Amino acid sequence: MGSANAPTSTVRVVIIGLGMVGLSFIEKLLEYDTAKKYTITTICEEPFVAYNRVGLTQYFSHRSVDQQLMKPEQWYQDNSISVLKHQTATKINTDLKVIESVSTLDINSSATT
């Protein structure tokens with residue numbers, strides 16, 4: 001029998017895209033993952049984390065990127081979410097469980113920690 005303090009492996013979940021739907025998925029995953037079984041990585045083309053695209057015209061009244069963000073940058077850090085910005089996923093190899101991006105960044109989606 002394993003010790004109560006024995007490290008447990010986690011399952012990496014890679015989410016491509018960090019818009020409203022991607023963020024909503026992350027929020028639900030965090031809500032239901034009470035055992036902390038999942039490690040979350042998200043890949044997004046944008047230079048920012050998820051922002052309110054619907055209310056984008058409001059940006060011109062306040063000119064504050066932080067006010068447009070759906071969650072502050074700190075929220076991703078606090079929830080141990082790895083956010084890879086300025087990345088475009090170009091290929092998903094389901095056999096090898098590898099995601100490639102235009103900057104030759106390979107993410108092994110089956111890695112455990």
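## The sheet

An open sheet of three strands runs in the order E1-E2-E3, and its pairing is parallel. Two strands count as paired if DSSP finds at least two bridges between them. E1 and E3 are the edge strands, each pairing on one side only. On average, neighbouring strands of this sheet are turned by 20° against each other, direction ignored; the axes behind that angle are lines fitted to C-alpha atoms, for helices over the stretch in contact, and angles run from 0 to 180 degrees between N-to-C directions.

Let us look at one pairing in detail. E1 and strand E2 (residues 38-43) pair in the parallel sense over six bridges. Opposite arginine 12 you will find threonine 39 in E2. As background, strands of a sheet pair through backbone hydrogen bonds, either parallel or antiparallel.

Residues are numbered from 1 along each chain as its sequence is written, and side-chain values use heavy atoms, with hydrogens and water left out.

The predictor's confidence in each residue is its pLDDT, on a scale from 0 to 100. For the protein chain the mean pLDDT is 80, and 71% of the residues reach 70 or more. Confidence is highest in H1, at a mean of 95, and lowest in helix H2 (residues 59-62), at 59. Where pLDDT is low, the predicted coordinates should not be read in detail.

## The nonpolar core

A nonpolar core is a set of buried Ala, Val, Leu, Ile, Met, Phe, Trp, Tyr and Cys residues joined through side-chain atoms within 4.5 Å. Buried means under 20% relative accessible area, exposed means over 50%, and partly exposed lies in between (1.4 Å probe, protein chains only). The largest core has 16 residues, and the members that touch the most others are Leu18, Ile26, Ile40, Trp75, Tyr76 and Ile81. Strand E1 (11-16), H1 and H4 are the elements that give two or more residues to this core. H1 supplies the largest share, four residues.

## An aromatic pair

Rings of Phe, Tyr and Trp (its six-membered ring) pair if their centres lie within 6.5 Å; planes under 30 degrees apart count as stacked, over 60 as edge-to-face and the rest as tilted. By this rule there is one aromatic pair. Tryptophan 75 and tyrosine 76 form this edge-to-face pair, with 5.0 Å from centre to centre and 90° between the planes. Both tryptophan 75 and tyrosine 76 are buried.

## Salt bridges

A salt bridge is a side-chain nitrogen of Lys or Arg within 4 Å of a carboxyl oxygen of Asp or Glu. The count by this rule is three. Lysine 71 forms a salt bridge with glutamate 27, and their closest N and O atoms are 3.4 Å apart. This pair links distant parts of the chain, 44 residues apart: lysine 71 is in the loop between helix H3 (65-68) and helix H4 (73-78), and glutamate 27 is in helix H1 (residues 20-32). Lysine 71 is partly exposed at 22% relative accessible area, and glutamate 27 is partly exposed at 31%.

Glutamate 73 forms a salt bridge with lysine 85, the closest N and O atoms being 2.9 Å apart. Here too distant parts of the chain are linked, with glutamate 73 in helix H4 and lysine 85 twelve residues away in the loop between strand E3 (82-84) and strand E4 (89-93). Within helix H1, lysine 28 and glutamate 31 lie three residues apart, about one turn of the helix. These two, lysine 28 and glutamate 31, form a salt bridge at 3.6 Å between the closest N and O atoms.

## Two positive phi values

Most residues other than glycine have a negative phi, and most peptide bonds are trans. Lysine 36, not a glycine, has a positive phi of about 55°. Lysine 36 sits in the loop between H1 and E2 and is exposed, with a relative accessible area of 58%.

Histidine 86 likewise has a positive phi, near 60°. Histidine 86 belongs to the loop between E3 and E4 and is exposed at 54% relative accessible area.
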